Every structure is written in structure tokens, then in C-alpha cells.
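Have a look at the chain first, and then we'll go through it piece by piece.

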Amino acid sequence: MSISITTKIGTTTDTIKPLIAPIDQIISSIPEIRNYHIQADGNTVNIAVRTVKKKERTKSSFDIEKEIKEQLDYLKKQGYNVETKVQA
């Protein structure tokens with residue numbers, strides 16, 4: 001699964017870095033997530049997420065994606081664009 005959070009062009013990495021800590025807390029609180037990597041560059045935060053194996057979890061990848069999107073909804077209200085994608 002991948003998550004991309006973008007803001008206005010011209011935004012610096014230093015400006016967007018404060019988003020990382022709350023995003024980290026949200027993602028790390030989901031037990032179905034095995035590991036993830038967060039990278040901030042310019043006006044974008046990219047997050048690569050790996051879930052635990054399908055047989056070891058009760059939620060589908062799409063349910064996990066929906067949960068993450070709902071928890072990151074506060075960013076949309078602040079003007080950020082949040083996109084998620086589940087790899088098949």
C-alpha cells in the first residue's frame with residue numbers, strides 16, 4: 001500500500017516535516033501493519049506500507065486502507081491532498 005500526501009507547490013521539506021510525527025502515530029497504531037517507511041521531500045510525504053500476511057489478519061488490505069484514509073482525513077480539512085493505493 002502506498003500513501004501520498006501533497007500540498008501546494010513551493011512548500012519546503014522543513015514545512016511539511018511536522019506532519020510526520022502524527023502520521024507515524026496513526027500508522028503505528030494499526031496492528032495489521034507489519035512495517036512502513038515515511039519520506040518527506042519538498043511538498044510531498046510518501047509512505048510505503050506493508051501489512052502482515054493475509055492469513056494472519058482479519059481485515060482486508062482495502063479495509064486497512066479505508067481506516068488509514070479516515071484517520072488522515074484531518075489533513076484534507078487542512079488543505080492537503082491525500083491519496084492511497086493498494087497494490088494487488
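A residue counts as buried under 20% relative accessible area, as exposed over 50%, and as partly exposed in between, using a 1.4 Å probe and protein chains only. Helices (H or I, at least four residues) and strands (E, at least two) are DSSP runs numbered from the N terminus. With that in hand, look at strand β4, residues 81–85: V82 and T84 make up its covered face, while N81, E83 and K85 are on the uncovered one.

A word on the source: this is a predicted model, where local features need pLDDT of at least 70 and side-chain atom pairs count only at pLDDT 80 or more, while totals for chains, interfaces and linings use all residues. Residues are numbered from 1 along each chain as its sequence is written, and side-chain values use heavy atoms, leaving out hydrogens and water.

Now zoom out. The chain has four helices and four strands, and from the N terminus they come as β-α-α-β-β-α-α-β. The strands form an open sheet in the order β2-β3-β1-β4, with antiparallel pairing. Since β2 and β4 stand at the edges with a single partner strand each, one side of each has no neighbour in the sheet. Two strands pair if DSSP finds at least two bridges between them. Here are two of the pairs:

| Strand pair | Bridges | Direction |
|---|---|---|
| β1 and β4 | five bridges | antiparallel |
| β2 and β3 | eight bridges | antiparallel |

What about the helices? α2 lies across β1, β2 and β3, at about 165 degrees to β2. α3 lies across β1, β2, β3 and β4, at about 170 degrees to β4. These angles run from 0 to 180 degrees between N-to-C directions, with axes fitted as lines to C-alpha atoms, for helices over the stretch in contact. Contact means heavy atoms within 4.5 Å.

Which residues have the most contacts inside the largest nonpolar core? They are I3, I5, I23, I47, I68, L72 and L75, in a core of 22 residues. β1, α2, β2, β3 and α3 each supply at least two of its residues. A nonpolar core is a set of buried Ala, Val, Leu, Ile, Met, Phe, Trp, Tyr and Cys residues joined through side-chain atoms within 4.5 Å. Leaving aside residues up to four places away in sequence, L75 touches I5, L19, I23, Y80 and V82.
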